[in-house]
Amino acid sequence: MKKINFLNLGKHPITNNFLPNAKPKNEFFYNLKLSYHTETKLISLNNFVPPKKMFNNRYAHRASASMTMRQAYADLAKKIKKKFNPRSILEIGSNDGVFIKHFSDVQNIGVEPCKNLADLTTKMKIKTYDKFWTFQLSKKINKKHGKFDVIYSANTISHIHKLNETFKAIENSLNVEGVFILEDPSLLKSLQKLSYDQFYDEHAYVFSITALKNITKKSGLEIFNIEALNTHGGSNRVYFKKIINKKFKISNNVKRHLLTEKKYGIHKFKTYQIFAKKVNKSKESLIKIFQSIKKKKKKIIGYGATYKSSTVLNFCKISKNYINYFVDTTPTKTGKFTPGSHIPIKEYKGIADDVDYAFLGAWNFKDEIFKKEKKFIKRGGKFITHVPFPKII
Ligand code: DWN
């Protein structure tokens with residue numbers, strides 16, 4: 001299998017490395033390049049960053065940070081209970097427990113390599129393994145707790161480098177009639193929305209259904225249903241079952257998704273060459289927007305110091321030259337500085353009266369943010385976004 005590089009986004013820091021000061025010594029940078037795999041059609045980073053550099057005891061992101069996601073996880077928990085009525089559930093990447101806490105009435109186990117997060121769910125009385133998901137760990141968990149009716153993983157499988165082992169371990173921990181549910185950003189949506197910021201150190205992969213089907217061929221698992229979601233800018237919720245399990249029929253929508261991706265050209269290298277050209281144009285026009293606002297001596301802040309925004313800021317070289325500071329609701333980020341771009345992050349207390357523009361780092365929560373910021377919008381405040389193309393709204 002050949003890996004062909006199609007986009008170079010330049011030097012990038014560890015997105016989770018929120019800095020204690022604006023002049024850090026020895027900040028780690030790596031080259032963020034994207035690749036197309038000729039055989040599987042998988043889209044990945046060209047070089048992976050060592051997992052321990054990203055997922056450690058200082059992990060900043062809290063999955064419960066937005067009302068949108070809190071609601072989405074509560075709704076999904078209800079749906080899973082109704083549809084599958086599991087007696088046991090395992091979550092890979094349980095973060096702060098926003099999803100798994102809804103299953104306190106059955107056996108619920110978390111796997112979370114970031115110890116500061118695993119400590120949170122342990123305190124919530126959820127048995128949590130502060131380990132990376134591996135075949136070895138799946139064996140250990142099986143021995144102690146048995147196999148699971150449901151295994152769920154949101155925004156995590158795309159972060160694990162060794163995919164063959166990952167799926168093999170999932171198959172190993174699933175009951176014969178069990179269901180594995182994966183939720184990750186959709187490659188098709190990222191291409192359509194030109195949201196190149198879905199690529200950063202942690203997102204080793206952005207999955208298409210086509211690639212997922214190809215890479216799981218030998219895992220003993222197969223896709224039997226797919227739901228397209230609006231969360232995180234457009235995600236897919238993909239349901240897997242064991243091939244030997246004939247209880248669940250394969251839904252027609254699996255074929256439909258594959259066909260839609262084929263029509264878009266998800267399997268063709270040319271599609272990614274076109275994407276790369278558009279991304280470089282997007283960079284130019286975003287910089288022009290910032291320059292023209294600064295010429296008018298207006299004040300710009302950032303809204304939501306997301307990991308995604310790290311890609312935009314570092315690729316477009318946007319730092320204190322354009323953005324005075326970010327606001328964010330996450331206590332583990334506030335009082336710190338954005339990685340690579342070194343912009344201060346302040347605790348969110350509404351948008352200050354002297355702010356003219358806010359760059360939407362958390363563009364994926366635009367609806368929630370616009371609802372919250374009616375006062376800012378009413379007094380003429382504007383947002384800047386780069387999705388699906390750079391514009392002021
Ligand atoms: O996959 C991943 C996703 C799910 O979460 C991880 N690799 C890391 C992280 O990525 P992200 O930082 O791009 O995720 P979010 O969920 O888009 O981050 C939203 C950020 O915006 C949080 O820091 C909270 C903040 N926020 C805010 O300050 N005010 C969000 C909302 C909605 C708000 O009103």
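**Exercises on a predicted model**

**Exercise 1.** Is Cys114 buried or exposed?

Solution. In this predicted model, Cys114 has a relative accessibility of 2%. Buried means under 20% relative accessible area. Cys114 therefore counts as buried. The step can be repeated for Cys316, which has a relative accessible area of 2% and is therefore buried.

**Exercise 2.** State how many disulfides the whole structure holds.

Solution. The search looks for pairs of cysteine sulfur atoms within 2.5 Å. Over the whole structure, zero disulfides are found.

**Exercise 3.** Which atoms of Thr329, Asn364 and Lys372 lie by an oxygen atom of the ligand, and how much of the ligand does the protein bury?

Solution. Take the residues in turn, with a cut-off of 3.5 Å for a polar contact.
- Thr329 places a backbone N or O atom 2.9 Å from a ligand oxygen atom.
- Asn364 has a side-chain N or O atom 2.8 Å from an oxygen atom of the ligand.
- Lys372 has a polar side-chain atom 2.4 Å from a ligand oxygen atom.

Then turn to area: the ligand taken alone exposes 710 Å², and the protein buries 96% of that.

Notes: Residues numbered from 1 in each chain as written. Predicted model: local features only at pLDDT ≥ 70, side-chain atom pairs only at ≥ 80, totals over all residues. Heavy atoms only, no water. Polar contact = N/O pair within 3.5 Å; in protein donor to acceptor, adjacent residues only side chain to side chain. Areas by Shrake-Rupley, 256 points an atom, 1.4 Å probe, with all protein chains shown as cover. Buried < 20%, exposed > 50% of the residue type's maximum accessible area, 1.4 Å probe, protein only.
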